[in-house]
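Dear colleague,

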Amino acid sequence: MRKLIPVSGALALAGQYPEIVAAFPEMVSNAAEIGAGVAASPMAEMYPDINWETAFRRMGELASEAWDWTEEAASVKAPILLVFADADSMTGEHVVAMYRAFGGFARDASYDGSLQPKAQLAILPGRTHYNILETTEVATLVEKFLRQ
């Protein structure tokens, strides 16, 4: 892997707001209803081959048990761009913890930037976990990061 760009991702289930964590088990039993709603949305037009009911059921099943990959983050050697909304489903504390886990906020970057971490952090204003991809902002950040 040369570069990694998670968008609104978490390193631990507990890094998300409690109401989000509580909603995952409900996704399993409500997958048909949630999937039908998304299937009728503009997102379904962007991803026409996804079975939304299955996607939400599996997402709920996978996220219904605690998980934490914070320790594994240190093993990622590739440059990483963490992208979040300023009203994301992750807590601000978790966003900071993620950036720290990938080497961010460890020290001053030096006057010439030579001590900059391999990780970069972007927080998009006026965005949420649910609409962060509705603008070109993420694509612009990704393109710039990939060209570095």
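Accessible areas here come from the Shrake-Rupley method with a 1.4 Å probe, and for residues only the protein chains shown count as cover. On that basis the protein chain exposes about 9300 Å², and carbon and sulfur atoms supply 58% of this area.

Please keep in mind that this is a predicted model, in which local features need pLDDT of at least 70 and side-chain atom pairs count only at pLDDT 80 or more, while totals for chains, interfaces and linings use all residues. Residues are numbered from 1 along each chain as its sequence is written, and side-chain values use heavy atoms, with hydrogens and water left out.

The protein chain has seven helices and two strands, where helices (H or I, at least four residues) and strands (E, at least two) are DSSP runs numbered from the N terminus. Their order along the sequence is α-α-α-α-α-β-α-β-α.

Of the 148 residues, 32% are buried, meaning under 20% relative accessible area with a 1.4 Å probe, protein chains only. A nonpolar core is a set of buried Ala, Val, Leu, Ile, Met, Phe, Trp, Tyr and Cys residues joined through side-chain atoms within 4.5 Å. In the largest such core, which has 14 residues, Leu11, Leu82, Phe84, Met98 and Phe102 touch the most other members. Strand E1 (80-87) and helix H6 (92-101) are the elements that give two or more residues to this core, and H6 gives the most, with four. A second, separate core of ten residues includes Ile20, Ala31, Ala44 and Trp52.

With kind regards

Technical notes
Buried means under 20% relative accessible area, exposed over 50%, partly exposed in between (1.4 Å probe, protein chains only).
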